[in-house]
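Trainee: I would like to learn how to read pockets, strands and salt bridges in a model. Can we go through one together?

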Amino acid sequence: MPAHTFHPSGPLGGTLQVPGDKSISHRAIMFGALAVGETRVSGLLEGEDVMATAGAMRAMGAQIEKTGAEWRIHGVGIGSLLEPKAALDMGNSGTSTRLLMGLTASHAITATFIGDASLSRRPMGRVIEPLSQMGAQIEASSGGTLPLLQRGAATPVPITYRLPVASAQVKSAVLLAGLNTPGITTVIEPVPTRDHTERMLAGFGARLEVTQEAGTRIIRIHGEAELRPQHVIVPGDPSSAAFFIVAALLVPGSDLVIENVGINPTRAGLIAVLQAMGGDITLLDRREVGGEPVADLRVRHSALTGIAIDPAVAPAMIDEFPVLFVAAALAQGTTTTTGLDELRVKESDRLATMAAALTLAGARVEEHEDGLTIHGTGGDPLPGTPPGAEVATRLDHRIAMSMAIAGLVSRNGVQIDDTAPIATSFPTFLALLAEATR
Ligand code: S3P
């Protein structure tokens with residue numbers, strides 16, 4: 001458990017690139033591993049979560065290796081996944097677990113899924129329910145958690161499933177199960193969530209239709225599909241860029257350019273919210289890369305004002321609330337958030353963990369059932385953690401990185417208990433932070 005103190009810093013400047021998008025990287029490995037032939041992936045995130053997906057796909061027959069800067073994947077073909085000989089270790093990764101449960105649910109193979117202490121507390125009932133309807137047999141630990149054993153269906157049946165929670169992982173699990181299911185599998189999505197699965201499956205040649213009916217998205221996937229190998233170019237992860245966006249807004253004198261950041265509308269909620277709080281963020285050279293919208297972001301120090309955040313924006317910034325809470329702690333006035341129950345079942349309970357962390361660092365925070373209310377300092381630094389006290393990050397990479405940013409804008413620094421989880425999504429975070437604040 002490497003503890004670390006993040007000290008007040010000078011302005012952030014220059015130009016940097018954040019690593020590849022985590023969601024897109026998982027999908028590139030999975031779909032490449034299902035396509036017959038060679039898929040090449042540039043810009044893959046080499047974090048522990050994505051490597052857990054790669055390890056699982058190798059255990060089910062795919063060849064996955066890095067050659068130079070590129071990853072090359074030789075897939076097995078839909079329907080031809082091999083039964084893994086050992087338990088699939090998903091580490092800290094909910095995305096690996098839920099998407100791979102979907103993928104294997106319609107293959108006649110048995111797989112055991114295990115994970116770390118954080119992942120083993122997270123709810124899997126949300127995928128167990130639809131995948132059981134499709135014919136998979138799943139024995140989970142009590143409360144619908146890992147470790148769990150899944151016997152995939154030899155004769156899967158297509159379903160029409162209305163998502164009871166706004167979750168791209170549940171949507172993707174059902175669609176991926178649909179790939180090896182005869183007929184058409186339909187997902188009804190009342191609240192839109194990130195659409196990387198739909199975009200990339202279409203790019204790999206799957207037959208997939210997306211329609212809108214009265215604000216509801218309906219996604220239909222035609223089963224027994226064949227995927228064609230692709231060259232996937234992974235854009236920079238907006239959820240990783242988020243830490244540097246907030247740091248540059250908060251540290252006086254900053255003027256930072258972050259290149260090649262994904263700005264898919266289902267992911268870009270934080271940028272709009274920070275702009276509404278008065279953040280100076282300019283989108284430069286908007287373009288499309290590998291089927292995803294991308295831009296360079298120029299971020300300059302700004303005086304932020306607290307706002308009431310519309311819960312409707314939550315799915316488009318669901319992973320960015322921890323760092324948004326840090327921005328709110330330095331804003332002028334009060335920021336309120338509601339409708340964030342999903343944050344309680346992420347890598348940690350992010351409402352409770354961030355309320356405790358920010359309070360320890362001297363911020364004024366009230367925790368409610370479904371959100372936080374934060375009274376900002378009006379730009380003054382936070383006091384920082386008291387001597388000898390450290391923030392509990394609870395195996396949650398985004399808590400560690402958010403509180404690192406809080407340390408930059410504190411008087412006495414912020415000590416966190418463990419930086420190791422950062423490697424799940426952003427192994428180069430500490431190096432890039434040192435570079436940007438040099
Ligand atoms: C993800 C979906 C989101 C997000 C997670 C990645 C994905 O989770 O929080 O970090 O890649 O599909 P939910 O599906 O639980 O909302």
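**Reading the model**

Mentor: We start with a lining. Helix H1 (22-34), helix H3 (94-105), helix H5 (168-179) and helix H11 (397-408) each give at least two residues to the lining of the largest pocket. Helices (H or I, at least four residues) and strands (E, at least two) are DSSP runs, numbered from the N terminus. This is a predicted model: local features need pLDDT of at least 70, side-chain atom pairs count only at pLDDT 80 or more, and totals for chains, interfaces and linings use all residues. Residues are numbered from 1 along each chain as its sequence is written, and side-chain values use heavy atoms, with hydrogens and water left out.

Trainee: Which helix gives the most to the lining of the largest pocket?

Mentor: H1 does, with four residues.

Trainee: How is a pocket found, and how much space lies in the largest pocket?

Mentor: Rolling a probe the size of a water molecule over the atoms shows where empty space is left. On a 1 Å grid over the protein atoms alone, a cavity is a set of points where a 1.4 Å probe fits but cannot get out; a pocket is an open set with protein on both sides within 12 Å along at least five of seven lines; lining residues have an atom within 4 Å of a point. Grid points are joined across faces, edges and corners, and a volume is the space filled by probe spheres set on the points. Here the largest pocket holds about 570 Å³. It has 36 lining residues, and Ala166, Arg194, Ile318, Asp319 and Lys346 are the closest to its centre.

Trainee: What is the make-up of the lining of the largest pocket?

Mentor: It has 15 charged, 11 polar and 10 nonpolar residues. Ala, Val, Leu, Ile, Met, Phe, Trp, Tyr, Cys and Pro count as nonpolar, Asp, Glu, Lys and Arg as charged, and the others, Gly among them, as polar. Domain 1 (4-20 + 235-436) and domain 2 (22-219) each supply at least three lining residues. Those bounds come from an automatic or database domain assignment.

Trainee: Which residue forms a salt bridge with Asp319?

Mentor: Arg350 does, with the closest N and O atoms 3.8 Å apart. Asp319 sits in the loop between strand E18 (308-309) and helix H9 (321-330), while Arg350 is in helix H10 (residues 350-360), 31 residues apart. The rule asks for a side-chain nitrogen of Lys or Arg within 4 Å of a carboxyl oxygen of Asp or Glu. By this rule there are 25 salt bridges.

Trainee: Now sheets. What is the strand order in the open sheet of four strands?

Mentor: Strands of a sheet pair through backbone hydrogen bonds, either parallel or antiparallel. Two strands pair if DSSP finds at least two bridges between them. The order here is E10-E11-E13-E12, with mixed pairing. Strand E10 (160-162) and strand E12 (208-213) are the edges. E12 and strand E13 (residues 216-222) run antiparallel, joined by six bridges. Thr211 has Ile218 in E13 as its bridge partner.

Trainee: Where does the cis peptide bond lie?

Mentor: From Leu146 to Pro147, with omega near -5 degrees. Pro147 lies in strand E9 (residues 145-151).
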